[in-house]
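Start with the interface between the two chains, then turn to the fold of one of them.

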Amino acid sequence: MKHHAQAAQAFAIGLLFGIGLLLSGMSNPQKVIGFLDVAGQWDPSLALVMGGAIAVGLPLFRIAESRSHRQLPSWSGAPIHLPGKTGITPRLVLGSVLFGIGWGIAGICPGPGLVLVGSLQWPGLVFVLAMVAGMLLFRPLDKVLSR
Amino acid sequence: MNIIWDPASLLAALAGGVLIGLAAAWMALGLGRIAGISGLLGGLVDGAPDRAMRVAFVGGLLLAPALYLLLRGELPAVRMMADTPQLLLAGLLVGIGTRFASGCTSGHGVCGLSRLSPRSLVATLSFMGAGFAAVYLLRHLLA
């Protein structure tokens, strides 16, 4: 039963997140490229997406962190598990650079990719299938690299 | 540099960002997790635990356009900027890169920066820097 309630919440969160992506312009590759193209016709509006998200995120994540430190659970009863903030590793930087190159080529990151599939934009499906393939390649690649 | 200042799209970006921030905070306070899309989807691909929750979240993202259409009558304009080979390469890089970095625009950029995480700041500066560089290379130097 608890799992159903958690899944229902996750579904609603996904909907809200997706509506936010659509409204903000993040799910339009032209706008994303316009934001990343500082040497062309620069469209700075997407900086406000992160700005708006962080403005509401700052106080609310503070509450989540304080609850987590006091070992208080989330609303669903599941423990609040937040990842560590340190650990600046080569794989963090290298992985982020690879991601950024891909983001710059297509103007699509993971969330907007899924939203584009839901908008029946078939190029979005091509991107998402390749992204899932990349995620599948990660484990074997990681094994080879860390040998 | 020419800057485009369009008040309507600035306002929409801000409002959309607020909704994204609320969704991310809801995930942390309600389910105790980070709303990182690459992590939640990647865990689904890897067969990680909490499968139902992951499927539900991804399902919500996939159905968000239908709800948006219902609420507003039309979907926002979309223009693709890449052809099929570019989409394939970009998708592969995004899939591999976000898994190596344990996060993408949502996990590091929204949740991590909201938590003032140095690790996420480094990740965000790295992928934004690489994004700016890739666009400059593809649309100016090689165009």
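In this predicted model, 104 residues of chain B are in contact with 111 residues of chain A. On chain B, the touching side draws on every one of these elements, with at least two residues each: strand S1 (2-3), H1, helix H2 (37-46), helix H3 (51-72), helix H4 (84-100), helix H5 (105-114) and helix H6 (118-141). H1(B) gives the largest share, 22 residues. By class, this side of chain B holds 70 nonpolar, 26 polar and eight charged residues.

Now look at the two H1 helices. The crossing of H1(A) past H1(B) is left-handed. The residues of this contact comprise 17 nonpolar, seven polar and no charged.

Strands also link the chains. Strand S1 of chain A, residues 41-42, runs parallel to S1(B), and two bridges join them. Here Gln41(A) stands opposite Asn2(B).

Finally, consider chain B by itself. Its secondary structure comes to six helices and one strand. The C-alpha atoms of chain B fill a box of roughly 45 × 40 × 35 Å along the principal axes. Of the 143 residues in chain B, 56% are buried. Among contacts in chain B with a separation of 6 or more, 42% come from residues 24 or more positions apart.

How values were computed:
Residues are numbered from 1 along each chain as its sequence is written. Chains are lettered from A and ligands numbered from 1 in the order in which they are written. This is a predicted model: local features need pLDDT of at least 70, side-chain atom pairs count only at pLDDT 80 or more; totals for chains, interfaces and linings use all residues. Helices (H or I, at least four residues) and strands (E, at least two) are DSSP runs, numbered from the N terminus. A residue is buried if 20 or more other C-beta atoms lie within 10 Å of its own, exposed if 12 or fewer, and partly exposed in between; C-beta atoms are placed from the backbone. Two residues are in contact if their C-beta atoms, placed from the backbone, lie within 7 Å. A crossing is left-handed if the near helix is turned anticlockwise from the far one by less than a right angle, and right-handed if clockwise. Ala, Val, Leu, Ile, Met, Phe, Trp, Tyr, Cys and Pro count as nonpolar, Asp, Glu, Lys and Arg as charged, and the others, Gly among them, as polar. Two strands pair if DSSP finds at least two bridges between them.
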